Every structure is written in structure tokens, then in C-alpha cells.
Amino acid sequence: MNLIDYHDSRPIYEQIVENFKLQILKGIIQADEQMPSVRSLAIELSTNPNTIQKAYAELERQGYIYTVKGRGNFVKSNTSMIEDKKRELVGAILELFNEAREIGISVDEILSEIKVALDNIGGEKKPEAIKKYDLDNNGGGKA
């Protein structure tokens, strides 16, 4: 398990949190699956158990895992987590669009650049919103 990048400037516990969140959202770690014990993960990652405990506490605070006394930590059901993450990402993208608009970059300009970037990514599936934008622009409409 490779959860730590020592070249990353973020604290180790934050890296562990982000990696587990990604694994949970991708479905690599399933709902109600037991997380590795604090002690075993600390040994595996060659880090202090307090660091792992801090990461697990943060994952629990954010709603990704729950604790069963005497049994360990388990992954919560991820149906609402994916929707929450989607809302978070859309919010961040909208903030970037607003920032671009404030400095004089049009939405069409940004979407055009995004389309080019996505076209350059080999084999990746385009998000539905980008496909819609392509259809609308080819048909003469605006997204």
C-alpha cells in the first residue's frame, strides 16, 4: 500500500486521508469493509500510530468511516459521498469560472480550452457536459 509521498509537502496524515478517500469513492474499498488496524497500517507505512489515528479521526469526521468499539474502523456506505464530492467539484469549478470571468476570460473560451485538453487525453471518456457542449456548438447553439 503506497499512501505516502515523502516529496509531497502536505502532512503525512493528510496524504493518508486523501488516498483513502479516493479509494473509497472509486469503490476500491467497499462499504462496511474493515479498514486496516491503526497498528498494522503504521507498521506497513513505517509511521507513528498517532499519525494513522489522526488520519482515521479525520476520515470519521468527514463521514467516510465509522468506528465500532473493540472491532475497528469500517467504511460507510458511499452513495451520498459520491454526490457530495460531485457537488464539491462543481462548486470548485464554478469558482474558477467566476475568477476567469472577473479577469475577462469568457466561458466559451474556457470551455474551448477544456475541450482541446480533453481531446488530447487519449482514451479518456468525456464528461456528459462536455459532450453536450460539443453538440450545442456544432448545432450553432450555446451551452
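Tyr66 comes out as partly exposed, at 26% relative accessibility (buried is under 20% relative accessible area, exposed over 50%, partly exposed in between, with a 1.4 Å probe and protein chains only). Bear in mind that this is a predicted model: local features need pLDDT of at least 70, side-chain atom pairs count only at pLDDT 80 or more, and totals for chains, interfaces and linings use all residues. Residues are numbered from 1 along each chain as its sequence is written, and side-chain values use heavy atoms, with hydrogens and water left out.

**Aromatic pairs**

- There are two aromatic pairs in the structure (rings of Phe, Tyr and Trp, the last by its six-membered ring, with centres within 6.5 Å; planes under 30 degrees apart are stacked, over 60 edge-to-face, the rest tilted).
- Phe20 and Tyr56 make an edge-to-face pair, because their planes sit at 65°, with ring centres 6.1 Å apart.
- Phe20 belongs to helix H1 and Tyr56 to helix H3 (residues 49-61), so this pair ties together parts 36 residues apart in sequence (helices are DSSP runs of H or I, at least four residues, numbered from the N terminus).
- Phe20 is buried at 1%, and Tyr56 is buried at 1% too.
- Tyr66 and Phe74 are stacked, since their planes are at 25° and their ring centres 5.8 Å apart.
- Phe74 is buried, at 9% relative accessible area.

**Charge over a ring**

- Lys54 has its charged end over the ring of Tyr13, 4.3 Å from the centre (NZ of Lys or CZ of Arg within 6 Å of the ring centre and within 35 degrees of the ring normal).

**Gln23**

- Gln23 sits in helix H1 (residues 12-26) and is buried at 18%.
- Beyond neighbours within four places in sequence, Gln23 contacts Leu3, Ile28 and Ile29 (heavy atoms within 4.5 Å).

Note on methods: Helix = DSSP H or I, 4+ residues; strand = E, 2+ residues; numbered from the N terminus.
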